[in-house]
Amino acid sequence: MSIKQFYLLGESPASAREIEIPSQIDQEGLQHLIASQFAIVEAQGIGFTSQDTFLTTVADVLSSEEPVAITIDGKAVREVPGPKGLPYVGNYFEVYPDHLGNHQRLFDNYGPLIKTTNFGSTTYTTNDPKLSNIVFSETDFFTKNMIKGHPLYPIKNKEAGVFLGDTDTEEWRTAHKFLPPALGPKAVRHYAPTMQKTVEDSFKVFDELDEREEAWNVYPYMLKMGSQAVGKLVLGMDFEHFTAVDARPHEMVMMIAESLELNKKITSMGSWYAKLPFGDPKRLRDIQARVAELLTESVKKAAKGEEDLDLQEAALRAENMVDYICRAVDNKGNKLPKERMLEPLVVATGAGFTTTSSLLSWLIYGLVVYPGMQERLLQELIDNGIDENTQMNADLIGKLTFLDKYVKETQRRHNPSYQPARTSKVDMILPGGYKLPKDSVVIPAIHHIHNNTALWDNPARFDPDRWDTEEVKNRPNGSYIPFATGPRMCIGFNFALMEVKTFLPKLVYRYNFSLAKDGPVDYDPMFQLIRPNNLYVRAERRVKWPPRSDA
Ligand code: HEM
C-alpha cells in the first residue's frame with residue numbers, strides 16, 4: 001500500500017487529494033480506483049502526467065515525486081462550452097425559433113457537448129453517441145428526474161408512472177412492469193388487423209378529397225389517423241375520426257392535448273395557482289374528471305368477466321391495453337390497481353399518437369419530396385403480391401425490405417422526438433474531460449446525432465440505401481436512437497413500427513401522392529415534437545399499377 005497525491009489536470013495542483021494505492025494494482029485497477037474517487041464516468045479514458053511527462057505504467061505513477069495530474073482522453077478537465085448569452089433571456093435568441101438549425105451551428109462552434117441558458121434555466125445538449133449512451137443509461141450518474149428546467153417538468157405527473165414520472169418512483173416501476181408486455185413484438189403482431197382497419201376506414205375521406213380534387217394538410221389527418229389507432233388499441237375506444245372529411249378529433253384527443261397545455265401553464269405558475277377554484281386549474285380538473293369517466297366506461301366494456309392471465313399471455317389475448325390491464329397478473333399474483341390504471345394509459349395514448357402522427361406526416365413528406373421513393377415502395381408491394389385485398393401481417397411486413405429502409409431513413413433524417421432529457425445525480429467528469437455539476441439537465445439531441453457528419457456520410461442526403469452499407473451496419477453504438485435508449489426508452493416502438501408499416505403500404509397502393517403547395521415546409525419550433533406544419537398534398541386514386549419487376 002502506498003499513498004499518492006492526485007488532482008485533475010486543468011484544476012489547481014493545490015486541489016490534489018491523497019489516495020491509498022493497494023500494492024499489486026494494475027493499470028486498469030488504478031484507472032478504476034481514480035475514476036471512483038473523482039467521479040470520472042469512464043475509467044478507460046484516464047491517463048496520468050507529471051511535469052509534462054505522460055506516466056504510462058503504474059510504476060511510473062508510483063515513482064512520481066510530484067502530485068500526479070489526471071487526464072481524461074488525453075485532455076485537461078474543462079467547463080462545458082457554450083455561447084455567452086444576454087442578461088435575463090440568456091441564449092434564447094441564439095436558439096429559437098430555428099432550434100434545429102441553431103443547435104447545429106452551436107455544435108459546429110463548440111463541439112459535441114454545449115451549454116445554453118434560456119430565461120435562467122440551463123440545459124446541456126449533446127450530439128455525441130457515446131455521451132448519449134451514458135446519459136440514457138440509468139446509473140449512479142444519470143436518471144430521468146424531472147427537476148425544474150427539465151423539458152417535461154411543466155407537465156410532470158407522478159401518477160402517470162411512465163413518460164411523465166421520475167424513474168425512482170414506485171409508480172414508474174409498477175407501470176413499467178405492467179405496460180410493456182402489451183406493446184412487445186409478439187403482442188403487437190395481433191394488432192395488425194385493427195391497424196389495417198384503421199387505415200382502410202380513412203379511405204372514405206381521402207377518396208372524397210380526391211373526388212373534390214382538393215389538397216389537404218397532412219398533419220391534422222395523420223393526427224386523426226394515429227390517434228384512431230392508439231385510441232382503439234390502447235384505450236379500446238373508437239374515435240370515429242374518418243366518418244366525414246371534416247370530422248373533428250374525438251373529445252378524448254382534444255382533452256389530452258388541452259390537458260398537456262393546461263398542465264404546462266399551471267405548473268409554471270407555482271403550486272398555489274393549481275388550487276384555484278376557477279380558471280385554468282378548474283378546467284384541468286374538469287377535463288381530468290371527464291377523461292376518467294370515459295376511461296371507466298372503457299374499462300367496464302373491457303372487463304367482460306374474462307379470466308386473469310399472466311402478463312405475457314394476457315398481452316397475446318387482449319383486444320386492447322385496457323382489456324389487457326384488466327386481466328394481467330404478475331408472477332406474485334398482483335394486478336395493476338384500478339386507481340393506478342388511468343394515468344399511465346392516458347399518458348401512453350398521448351405519447352403514442354403525438355409521435356406516430358408526426359412520423360406518418362414525415363413519411364408522406366418523403367413520398368412527395370424525395371424523387372423515386374413512392375415508385376420504389378409501390379414496386380416492392382407489387383413484387384410481393386400485395387394488393388388492396390391483402391391483409392398485412394408481421395411476416396409480410398418483414399419481407400418489405402425497402403419499406404424498412406425508407407422508414408429507418410425517415411426516422412434518421414426527420415425524427416419527431418428531439419428532447420428526451422436526463423438529470424445528473426452527482427458532480428462528475430464526462431468523457432472528453434467535461435465537468436458536469438449535479439442536477440444538470442442533459443439532452444441527447446436525437447436529430448443532431450442522426451445528422452452528425454462524424455457518424456453519417458452526407459447526412460443531409462435522404463438515402464434509404466445507406467442502410468445496406470457496411471458503414472451504416474457497423475455504425476457506432478448510439479448513433480441511431482429514434483426511440484431513445486436505456487431503461488426509459490420508448491416502450492411503444494414495436495407498436496409504432498407495426499402501425500406505420502401497415503398504414504404506408506395501404507396508402508401508397510391506393511393513392512399517388514403529390515406535393516400541392518410550393519415553398520418551404522416548416523416545423524413548429526414551440527411544439528414538443530418535430531412535425532411538418534404546412535405540408536399540403538394531393539392523394540389521387542391510382543387507376544394503374546406497374547407490372548411485377550420479374551414479369
Ligand atoms: C414514432 C413513434 C414514436 C417515437 C418516435 C417515440 C419516441 C419516444 C422517446 C424518444 C421516448 C423517451 C422519452 C424520454 O426519454 O423522455 C419515448 C417514451 C415512451 N413512449 Fe414512445 N415513441 C413513439 C411511439 C410510441 C407509441 C405508439 C407508444 C404507445 C402506444 C409510446 C409510448 C411511450 C411511453 C409510455 C414512453 C415512456 C416510457 C417510460 O417512461 O419508461 N411511444 N418514446
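**Figure 1. Glu-200 sits in helix 8, which covers residues 192–211.** The model shown here is predicted; local features need pLDDT of at least 70, side-chain atom pairs count only at pLDDT 80 or more, and totals for chains, interfaces and linings use all residues. Residues are numbered from 1 along each chain as its sequence is written. Helices are DSSP runs of H or I with at least four residues, strands are runs of E with at least two, and both are numbered from the N terminus. Is Glu-200 buried or partly exposed? Glu-200 counts as partly exposed because 14 C-beta neighbours lie inside 10 Å. The cut-offs are 20 or more other C-beta atoms within 10 Å for buried and 12 or fewer for exposed, with partly exposed in between; C-beta atoms are placed from the backbone. Asp-524 is 324 residues from Glu-200 along the chain, and their C-alpha atoms are separated by 29 Å.

**Figure 2. The ligand is surrounded by 25 residues.** The closest are Gly-352, Thr-355, Pro-420, Cys-490 and Gly-492. Which helix gives the largest share of the shell? Helix 15 does, with six residues. Helix 9 (218–235), helix 15 (342–369) and helix 21 (493–510) each supply at least two. By class, 18 shell residues are nonpolar, six are polar and one is charged. Here Ala, Val, Leu, Ile, Met, Phe, Trp, Tyr, Cys and Pro count as nonpolar, Asp, Glu, Lys and Arg as charged, and the others, Gly among them, as polar.

**Figure 3. The largest nonpolar core has 90 residues.** Such a core is a set of buried Ala, Val, Leu, Ile, Met, Phe, Trp, Tyr and Cys residues joined through C-beta atoms within 7 Å. Val-162, Ile-325, Leu-345 and Val-500 have the most contacts inside this core. Helix 15 supplies its largest share, 14 residues. Apart from this core lies another, of 42 residues, including Phe-48, Ala-421, Ile-429 and Val-442.

**Figure 4. Val-162 touches residues such as Trp-172 and Ile-491.** Contact requires C-beta atoms, placed from the backbone, within 7 Å. Residues up to four places away in sequence are not counted. Among the other partners of Val-162 are Ala-175, His-176 and Leu-179. Pro-344, Val-347 and Ala-348 also touch Val-162.

Note on methods
Near = placed C-beta within 6 Å. Contact = placed C-beta atoms within 7 Å.
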